[in-house]
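Good morning, and thank you for joining. I shall present one structure today, with attention to its aromatic rings.

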Amino acid sequence: MTVDGFYKQGMDTATPKTGDIIFFLEKDSLKVVTAGIYVGKNQFVNSGYGAETVQVRSTTEDYFAKYQVAYKTYTPKGEHLVQTGETLKSISENYSISMSTIKNRNALSTDELMQGQYLQLYSNPLYPFYVNEEAAYDKAYDVIKYAYTLRGFPYVFGGEDPMNGMDCSGFIYWVMKEQGLSVKRGSAEDYFSLLPKIENPKAGDLVFFSDTGTRLGVTHVGIYLGDGRFLHTTENAGVHISNLSSGYFADKFESFGEVESLMD
């Protein structure tokens, strides 16, 4: 497919996330000149102008600064990325799917949406790692469904609100709170100290890692999904899905924790 073809297929977004495509257009004609994979902070991966190899470039470079920038996101079939000004009602009408169905499939506790949320529209989940897994507690599936909608939201150390950024434990706290679960706000190490350690996790249990980044001890936590996958947030990628079999996380793995004991 040509660069023009990718531009036409993408969905406009004013809040680009890592992995979205950045396009450079002539300011008068809006003709697409080149494109790259956005990595955040005005940087993108590009193999175009002046590059013999694939390089990380910046929109502030003289060559790129003279063009108009547009960002496009590409979502899997059956998923919708909430844009500025959209409401649950407008999305419901656009897809001819009832508001209650959309809320149920995404475990939304209210009609309020956040720009940048990914909404599952159809009955078959796109990431069904948890479907054949026993739930760790009564609302574990709802926590996972809702957590999926926050993929791509940014990481901020100490944060616990998607719109302002969340760290790994703040992410756990937010999604459980939004599902009506009374869980105290703590650090990864706090949650680790509170939870019984288990060898056979269920969907919704927590997974802990040690000595990540420059810190020592239990420093990272995610939500186990099943099939070796977990959902978490990190500094570079924000909220995303990772695999326990990857070299980094296999090396840093500490234990699984049984979440049910967190519930008041």
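**Charges over rings**

Lys 17 is placed over the face of Phe 153, 5.4 Å from the ring centre; a charge sits over a ring if NZ of Lys or CZ of Arg is within 6 Å of the ring centre and within 35 degrees of the ring normal. This is a predicted model, in which local features need pLDDT of at least 70 and side-chain atom pairs count only at pLDDT 80 or more, while totals for chains, interfaces and linings use all residues. Residues are numbered from 1 along each chain as its sequence is written, and side-chain values use heavy atoms, with hydrogens and water left out.

Lys 197 has its charged end over the ring of Phe 192, 4.2 Å from the centre.

**Aromatic pairs**

How many aromatic pairs does a search of the whole structure find? The search gives 18, where rings of Phe, Tyr and Trp (its six-membered ring) pair if their centres lie within 6.5 Å, and planes under 30 degrees apart count as stacked, over 60 as edge-to-face and the rest as tilted. Among them, Phe 192 and Phe 208 are edge-to-face, at 5.3 Å centre to centre with 75° between the planes. This pair links distant parts of the chain, 16 residues apart: Phe 192 belongs to helix H7 (residues 188-194) and Phe 208 to strand S12 (residues 206-210). Helices (H or I, at least four residues) and strands (E, at least two) are DSSP runs, numbered from the N terminus. Both Phe 192 and Phe 208 are buried, meaning under 20% relative accessible area, with exposed over 50% and partly exposed in between (1.4 Å probe, protein chains only).
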